[in-house]
Amino acid sequence: MIRDRTWSSRLTDIAILVVLIGITLTCILPIWYTLALSLSSNSAAAAGQVWLWPVGFNVNAYTQILKDTQFFGSFWISIQRVALGAALNFVVVLLMAYPLSRTSRQFKARGVLMWILIFCMLFNGGLIPLYLTVKGLGMLNSIWALVLVGGAQTLVFNVILTVNFFRNLPKELDEAALVDGAGPWYSLFRIYLPLAVPVLATITLFSIVYHWNEFLYGLIFMTREQYYPLQTYIQQLVVSVDPATMSEDQYRRLSELSNRTLDAAKIFIAMLPIMVVYPFLQRYFIHGITLGSVKE
Amino acid sequence: MRIKSFDKHYYLMLLPGYLWLIVFSIVPMFGIAIAFQYFNPGKGIFHSEWAGLEHFRYMFVLKDTREVFFNTLIIAVLKIIAHLVVPLVFALMLNELRKLVVKRWIQTIVYLPHFLSWVILGGIILDLFSYNGPVNQLGALFGFKPTLFFAQAELFPWLVVGSDVWKEFGFNTIIYLAALTGINPALYEAAGMDGAGRWKSLWHITLPGIRTTAVLLAVLSLGNVLNAGFDQIFNLYNPLVYSTGDIIDTWVYRTGLLNLQYELATAVGLLKSVIGFILISVSYFLAYRLINYRIF
Amino acid sequence: MKRKVKAACVVALSAVLALGACSSGSETATEPATEEEQTQSTEPADPYGSYAEPMTISIGMQVDPTDKDLPAGDTPLDNQYTRQIEEALNIKVEHAFTASAANMRQKISLAIASNDLPDAMVVNAVELRQMVAAGQLADLTQVYERYASPEIKDIIEKTDGAALKSVTFDGKMYAIPGVQADADGIHIMWIRQDWLDKLGLEPPKSMEELATVARAFVEQDPDGNGSADTIGISGPQSGDGKMYANFLESKNNLYGFDAIFSAYGAFPGYWLDDGSGKPVYGSTLPETKEALSGLRDLYAQGLIDPEMAVREASDEPIINGKSGIFFAPWWMGYGPLTNAVKNDPEANWQAYALPLDAGGDFRPHAATPSTEFVVVRKDYANPEVPMKMLNNLFKNEMENTFDPSKGGPGFYPLRVVFAPSDEIEFTNKAIKEVLAGTKTKEDYVNDRPYKLLPSDLENITKIKQEPYDDWNIGTWTPDADWGAWTRAYSIMVGGNPIVDTEMERINSLIYEQTPLMESRWVNLKKMEDEMFLKIVMGVAPVDSFDQFVEDWKRQGGEQITNEVAEAIQQ
């Protein structure tokens, strides 16, 4: 691209850069603020004196978390859930996307099967039948409830993304495979899989992020706190309680716990894994989303 | 070309995925029956008395349901528009940037909020906008009186849309950026030689070049007209802003699970699913007709 | 291949059928043990008798996951309480589910809706009614007759029938009602006496004086830190904070404006007699409009916490010494005050039965004695087990068996409070007598239902110094025993206004839902809460109150009023 570099053009360039950096800063500042809050003294945090720099610097909140076995238990459950959920999602999506990316001529049932997926994505019977189903399968308090119920809800979207990616690959691939006499399994694993790295990385990232961030099913399917995933654990820290239904001793305990710096520290730690993971997958998900959702 | 013997392999590949969906998505749909019953938990879904359409009739006379449908529509439509426009503008600005390192950094950072959960961001945002939080402190420097942002019903939808745009705009630029790189650089060179300036190139080359992408995104988002974002609103709202901020999903959750009005909640949820299904079908055919694109 | 898909469908369908079977309650119950076979007998049984065979009971229980009170090695399932129950009664407790206070309601709803009930749990009035309607509960009439200990019976029956009425449906008793002290329903004014003294002010007696004092608290920098960061009057917090207690949740409303409403003669949320014997809903009366308008003025002038209804925790500014006035019941030592005093030993929070109404009277609304109910699943083979556990709890609380430092009483399975209606007033007076030397501890040995009285009398001199007729914070030594101080400060400072003030208590005509309320009340109440908050916070004009009254009547309020009229006829 050749453009004339006049004086006014340069000024525009600078203006654009300033605006872009300004907007970019807004994406970091809230996280920075949380970090500053977590490193401040409790009283400064409660009085709203903390802004972008810790006031009364200390790491008490973090040493306190180190002693909190429930926090780490939940952290570990979330890690397990993410690992299982992402792995299962990877395998199942890959297997489903290949046949569904065939044309209707190659695979007659495709149209119907696709609409069934859309139906599953949009309709649900509500939480109570879901709870009964999970209970009937003996999965209450099991990590599989979190993996399978959440996974089923994001499955369809990931399949559609991958199907579209496959369909955007050159048609010649199939023809070449046919000429070689390769069956479906061969062409899926030997031809499609190596080319599908970007989209598979993308849906894996989506799955990781989903399973890490989801909180409601932890609340519904786990009957005890020690089975809560991390986001559920954090969610209950932030929810306020109706004092009218509380007994006095519960109330006292709760008020001793209202602790903004500690909450900030927990929130910050909960953000860390995601912040560390996604930049490394960036190259892939850009490619995967681009090819999976829109063809030019 | 269709090879019959492949079909059984295709079905085998699809088996795990559809089994998963049958157990965790289709089976729990038996709960939809609750919408047509006088549901008695003691008797269960299979033995409760039938109510016909009574709950639907009550739903339509209730001021609440009209309100939540209206709120959902407003918030979702505003979000759809903002999600189309803001990332486009940002992508165009980013596209003007010549320093690649800066561009890469900006991209990485603006993707961050997309990956964080609303449990976490909700906590941070409420804190930032609290009465003596940073936003009000900043305002005070310019002589504004402190405001309780999240207590004001007329502000709430804007805050919801604004914070959602803030969370997602970076991630949504991905598709536009891909479309932008798809434009043939020779076009710009030719325009440059003809003496076209930055604005002219933008108007005559860039925008037409991504028009298809923009139309496609608009059509696709039709399916989201009733999705205003449960996680976000659930973690941000309070009774003061119910009148403008309560959406179908949050209302169904509260009504069904916390207020024990299962039938009404299921009925409203069902209506939402039906409308969503219709909208997706419409956008499927629109995309096919308008730009000859198959969504799935 | 098609056959395989079909097979998968069959598997899934049979799962559904299995669910159906579960949800119709076919869980096998444990065999009734030994002496409990003749369940039809009405003869009194031994309330404390142990079982020959070990019994198990699975319960839903509220557990705070961040509670660190239990000694190392103990768990919510294995602690001094559960061990004592096993030893004394041969009952083994299991958890069907646990949840924090914030999630408990949701867990109970899920259990009711899915008919996946624990053998027993503690529920509120709305849940109780729902479960009775669904036919999920065991009839406890016989159990109560035969097994309830004399002390518990005494406490339940001394509520003028209110406690029994709240659990009786069609003549059958479907729950054991907890009974809380009347004082929990009286909302008084807590105020920073040290700020008053510093600014040379008196406790505000009228609404005008309240505005004056609150203005001084906001404008005259009572905490002396040089910045205008103090709050006059605290308000309800976001989430479930309420401006006033109502007939369904009639007590323990923290940081509401109950006393302000009653100073206007308004009792929103209560069912009142319109003077001709007909019921009328307090929120729709002109007095309420007047009170709302008064609150609106206070809010507009910045005298009420500008962050009311949005603040996550209203106790925060109180603990941090930033708020000067709030309204709440007597037990605020258990509330924010322990931390407030730990933060600032000079924070002299005192309580008054103020402000007064136009006639110079303090006329608070009063509460129902029962808000928590122990219920038992219909098919549970030994419905008397929970009753025995409650008997055992009360007996051991009287005998002081448990050590609260090894886990608070909340860890007792199925715990509900049984307190004599006048517990606070009685204890308050007794402590004064003992401090004054007019009576001794031994004079009270026969007042067994006042189960904490002996330890209260024992501990008082550790933490309260002379002069014994002055209750300002300087005369207390909380460092000697914070636990004892918490209770004593609440009973004395919070109890004094109740003991010393002649007050006419306003009761609601009913404290339960009527049938139509089950489907309509949530929406009506939502409308009320929103409208009133908007009026107070200046978002809606005062006159929108009239529109609210009309809407309320039209959207089912009128029919519900008729139902209430029928209910009080019975």
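This is a predicted model: local features need pLDDT of at least 70, side-chain atom pairs count only at pLDDT 80 or more; totals for chains, interfaces and linings use all residues.
Two residues are in contact here if their C-beta atoms, placed from the backbone, lie within 7 Å.

View 1. As for overall scores, the model comes in at ipTM 0.83 and pTM 0.76.

**View 2. Helix H7 (residues 143-167) of chain A packing on helix H1 (residues 6-26) of chain B.** Two packed helices are described by the angle between their axes and the distance between the axes. Here the angle is about 115° and the axes are 9 Å apart, so H7(A) sits roughly perpendicular to H1(B). The crossing of the pair, H7(A) and H1(B), is left-handed.

**View 3. Side by side: the residues that join H7(A) and H1(B).** From H7(A) come Leu148(A), Val149(A), Ala152(A) and Leu155(A), and they meet Gly17(B), Trp20(B), Leu21(B), Phe24(B) and Ser25(B) of H1(B). Seven of the residues in this contact are nonpolar and two are polar, with no charged ones.

**View 4. Confidence along chain C.** Chain C averages a pLDDT of 86, and 91% of its residues score at least 70. Among its elements, strand S7 (residues 188-192) of chain C has the highest mean pLDDT, 97, while helix H1 (residues 2-23) of chain C has the lowest, 40. Across residues 1-39 of chain C the pLDDT is below 50, though this stretch still has 51 contacts in the model beyond near neighbours in sequence.

Note on methods: Residues are numbered from 1 along each chain as its sequence is written. Chains are lettered from A and ligands numbered from 1 in the order in which they are written. pLDDT is the predictor's confidence in each residue, from 0 to 100. Helices (H or I, at least four residues) and strands (E, at least two) are DSSP runs, numbered from the N terminus. Axes are lines fitted to C-alpha atoms, for helices over the stretch in contact, and angles run from 0 to 180 degrees between N-to-C directions. Angles under 35 degrees count as roughly parallel, over 145 as roughly antiparallel, 65 to 115 as roughly perpendicular and the rest as oblique. A crossing is left-handed if the near helix is turned anticlockwise from the far one by less than a right angle, and right-handed if clockwise. Ala, Val, Leu, Ile, Met, Phe, Trp, Tyr, Cys and Pro count as nonpolar, Asp, Glu, Lys and Arg as charged, and the others, Gly among them, as polar.
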